[in-house]
Each structure stands twice: as structure tokens, then as C-alpha cells.
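Let's take a walk through this model together.

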Amino acid sequence: MQTPDTISSEAALADVIALIYNEHEYLRQGVAFEQLAALIAPLERAQRIFLMGMGRSGFMMQALGMRLMHLGFDVHIVGETTAPAITKGDVLLAGSGSGSTTSIVNAAKTAKREGAGVLCFTTNMESLLADLADVVVVLPAAQKNRQEAEVSQQYAGSLFEQALLLYGDALIQLLWNKGGKTADQLWQRHANLE
């Protein structure tokens with residue numbers, strides 16, 4: 001039996017979901033899809049792909065790394081004990097809303113010094129990370145330390161983090177379509193030590 005509190009909570013949740021969907025529609029209209037498409041060639045050419053992000057953005061980058069691995073790319077997550085040194089022919093793909101996270105900027109500097117490519121997702125085209133990157137994908141979401149209600153009413157960097165997952169999955173879908181592998185072929189790379 002539903003109580004007035006249950007009905008009120010259901011309505012409030014429906015409103016929140018609508019708000020999140022509306023923010024993503026607004027964000028989609030601001031995305032330059034030529035920037036996203038520019039990631040494809042360097043990823044396909046890379047000997048190895050290193051992915052990096054911090055906090056919740058880091059989780060989204062790990063999810064993207066898993067999908068790239070399923071597609072057959074040689075993928076490493078920066079900070080994992082098994083990640084090798086980045087070298088010429090490799091690519092660093094980083095996600096940082098502010099584009100100024102010290103560890104990510106330093107990793108990008110190292111990648112450039114070693115002759116590797118640098119690709120990034122950020123909200124800030126004027127950031128240190130964007131300056132270092134060969135390809136920048138701007139996701140026009142609010143930065144976590146700048147609560148801009150006209151951009152997002154969600155807390156901190158939630159819209160950026162959600163967008164990382166969505167646009168990362170769009171990239172994966174396109175790469176999968178181009179590669180011509182079946183779902184069964186991808187499944188063979190799925191973890192079986194779970």
C-alpha cells in the first residue's frame with residue numbers, strides 16, 4: 001500500500017530523473033562531435049592506450065578502458081601496479097573536468113616527453129591539460145568546484161562524470177561497428193575470474 005510519503009518520493013524521483021535527462025540533452029547540444037570523432041584515429045593507431053582520471057571520473061575512465069579491452073585494444077589504467085611505462089606510439093586518454101588536476105597534468109607532461117600522444121575529456125578548453133593534449137573533447141558540464149546552476153543542478157562533477165560514461169560508450173559503439181566483430185567475439189575477452 002502506498003503512503004503519501006511514498007507517492008511524494010516517487011514524484012520527486014521522477015522529477016530528478018527528468019532534470020538529469022534534460023541536463024544531458026542541453027549538454028549534447030553543446031558537444032562538438034568532430035572533437036569526439038577526432039579520438040578515433042589516434043586510438044586505432046596506438047600501440048597501447050593508457051587511461052587516467054581521478055575520483056568518480058577515474059571510475060568512468062576505467063569503464064572506458066574495459067570496453068576498449070573488450071574490443072581488442074592493449075589497455076592499461078594509470079596507477080595500477082601492472083601498468084608499464086608509456087612510450088612513443090602509445091596514447092594517454094585522460095578525463096578531468098577542471099583539466100588542472102595535478103597528477104593528470106603531470107602524467108600528460110610525462111606522456112608528451114616520452115613521445116606518446118595525449119587525448120582528453122574536459123570541461124575547460126583553457127586548462128593545462130587541454131594545452132598539452134593533441135585532441136581535446138570538451139564536455140560542457142559544470143566543474144565540480146564551480147557550482148553553476150545554469151549548467152547543472154547536480155552536485156559537484158556529476159554531469160561531467162555521467163557524460164564521460166555516455167560519450168565513452170558512444171565512442172565504443174562506433175569503434176565496435178567499424179571493427180565488425182560480433183558480440184560473441186567480444187565476450188571471449190570478458191573477465192572469467194569473477
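Predicted model: local features only at pLDDT ≥ 70, side-chain atom pairs only at ≥ 80, totals over all residues.

Residues are numbered from 1 along each chain as its sequence is written, and side-chain values use heavy atoms, with hydrogens and water left out.

Start with helix H7, residues 158-179. Helices (H or I, at least four residues) and strands (E, at least two) are DSSP runs, numbered from the N terminus. The 22 residues of H7 reach 31 Å from the first C-alpha to the last, close to the 32 Å expected at 1.5 Å a residue; that expected span is 1.5 Å times one less than the number of residues. Among the buried residues of H7 are Phe160, Leu164, Leu171 and Leu175, where buried means under 20% relative accessible area, exposed over 50% and partly exposed in between (1.4 Å probe, protein chains only). Just after H7, Gly180 takes a positive phi of about 75 degrees.

Now bring in H4. The axes of H4 and H7 come within 9 Å and cross at roughly 10 degrees; axes are lines fitted to C-alpha atoms, for helices over the stretch in contact, and angles run from 0 to 180 degrees between N-to-C directions.

What about the nonpolar cores? Each is a set of buried Ala, Val, Leu, Ile, Met, Phe, Trp, Tyr and Cys residues joined through side-chain atoms within 4.5 Å. The largest has 33 residues, and Leu39, Leu51, Leu68, Leu93, Phe121 and Leu139 have the most contacts inside it. H7 gives this core its largest share, eight residues. A second, separate core of 19 residues includes Leu92, Val105, Ala107 and Val138.

Val138 also meets Gln35, a residue of helix H2 (residues 33-37). The Gln35 side chain reaches the backbone nitrogen of Val138 at 2.9 Å. Finally, Gly30 sits in helix H1 (residues 4-30) and, at 47% relative accessibility, counts as partly exposed.

Note on methods
Polar contact = N/O pair within 3.5 Å; in protein donor to acceptor, adjacent residues only side chain to side chain. Contact = heavy atoms within 4.5 Å.
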